[in-house]
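Keep the structure open beside you as you read.

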Amino acid sequence: DVLSSYKEAASFQPWIDGLADNKDSAQKAMLIRVFGQTKLAAAKDAVIAAASDPKASAQIRYEGVRALAEFGDKGVAKILPQLLQDADPLVRAAAADTVGKLALDDLGAALIPLLQDAEWQVQAAAVAACGTVRPQAAVQPLIDLLRQKGRMQTECAEALFKVTGMEFGLDADRWQEQWTKLMAIEAGLEGRCVQLTPRLG
């Protein structure tokens, strides 16, 4: 509580400098949480190093990826693919949340496997992030997930609307029908482009 009340980056510098050598995992995770709460950009490199350390505890990786989201710096994208595949589901979910919060469009494809994650919290985070970064490759997996009765149906329908601009609510059959038609049209257009290319040359 005391640390999070500080405002000047210089006040945190001793803890930033000592983060890498800190052997107390619980204390290290707490410091990283504080860095995130205070949006301390000066701690970004130290947090990236801590969160990407394969020997770090799951708590450190979790607090690390949450802090990176708070920094608001898209430069943290370089370590997120690793964290999206983390062994700990809370870390995977936090990484997906960070992709969405920072609107990291380039990582949209890395969210797709999480739509079939064994943990619903990870799936939910991936669904929400897909609604933000809008990867086209997520549409079919989202339709498939929509067919599964349960807590995720509304979230899937909202994400599909955000990605496609179409609105069919919870009707997975309508979504599938329209998406299949669109993919057939796209495939036909691509075929025509291939045929026309030699003539244009």
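## Salt bridges

Let's begin with a network of salt bridges that links Arg33, Glu63 and Arg66. A salt bridge here is a side-chain nitrogen of Lys or Arg within 4 Å of a carboxyl oxygen of Asp or Glu. By this rule the count comes to 9 salt bridges. This is a predicted model, in which local features need pLDDT of at least 70 and side-chain atom pairs count only at pLDDT 80 or more, while totals for chains, interfaces and linings use all residues. Residues are numbered from 1 along each chain as its sequence is written, and side-chain values use heavy atoms, with hydrogens and water left out.

Lys39 forms a salt bridge with Glu70, their closest N and O atoms being 2.6 Å apart. Because Lys39 lies in the loop between α2 and α3 and Glu70 in helix α4, this pair ties together parts that are 31 residues apart in sequence. (Helices are DSSP runs of H or I with at least four residues, and strands are runs of E with at least two, numbered from the N terminus.) Glu70 is partly exposed, with a relative accessible area of 27%; buried means under 20% relative accessible area, exposed over 50%, and partly exposed in between, using a 1.4 Å probe and protein chains only.

## Two buried charged pairs

Arg61 forms a salt bridge with Asp86, and here the closest N and O atoms are 2.6 Å apart. Arg61 lies in helix α4 and Asp86 in the loop between α5 and α6 (89-101), so the pair ties together parts that are 25 residues apart in sequence. Arg61 is buried, with a relative accessible area of 12%, and Asp86 is buried at 10%.

Next come Arg92 and Asp117, which form a salt bridge with their closest N and O atoms 2.9 Å apart. Arg92 lies in helix α6 and Asp117 in the loop between α7 (108-111) and α8 (120-133), so this pair ties together parts that are 25 residues apart in sequence. Both Arg92 and Asp117 are buried.

## The buried side of α3

Which residues of helix α3 are buried? In α3 (residues 44-51), they are Lys44, Val47, Ile48, Ala50 and Ala51. They cover an arc of only 165° around the axis, which puts them on the same side of α3; the arc is that of the directions from the helix axis to the C-beta atoms. The buried residues of α3 pack against α2 (25-37), α4 (58-71) and α5 (80-84), where contact means heavy atoms within 4.5 Å.

Asn22 sits in the loop between α1 (9-18) and α2, and is buried with a relative accessible area of 16%. Its side chain reaches the backbone nitrogen of Asp24 at 2.9 Å. The side chain of Asn22 also makes a polar contact with the side chain of Gln27 at 2.8 Å. (A polar contact is a pair of N or O atoms within 3.5 Å; within protein, one must be able to donate a hydrogen and the other to accept it, and residues adjacent in sequence count only if both atoms are side-chain atoms.)

Val163 belongs to helix α10 (residues 153-164) and counts as buried at 11% relative accessibility. Not counting residues up to four places away in sequence, Val163 touches Cys130, Arg134, Pro135 and Val139. The C-alpha atoms of Val163 and Gly131 are separated by 5.9 Å, although these residues are 32 residues apart along the chain.
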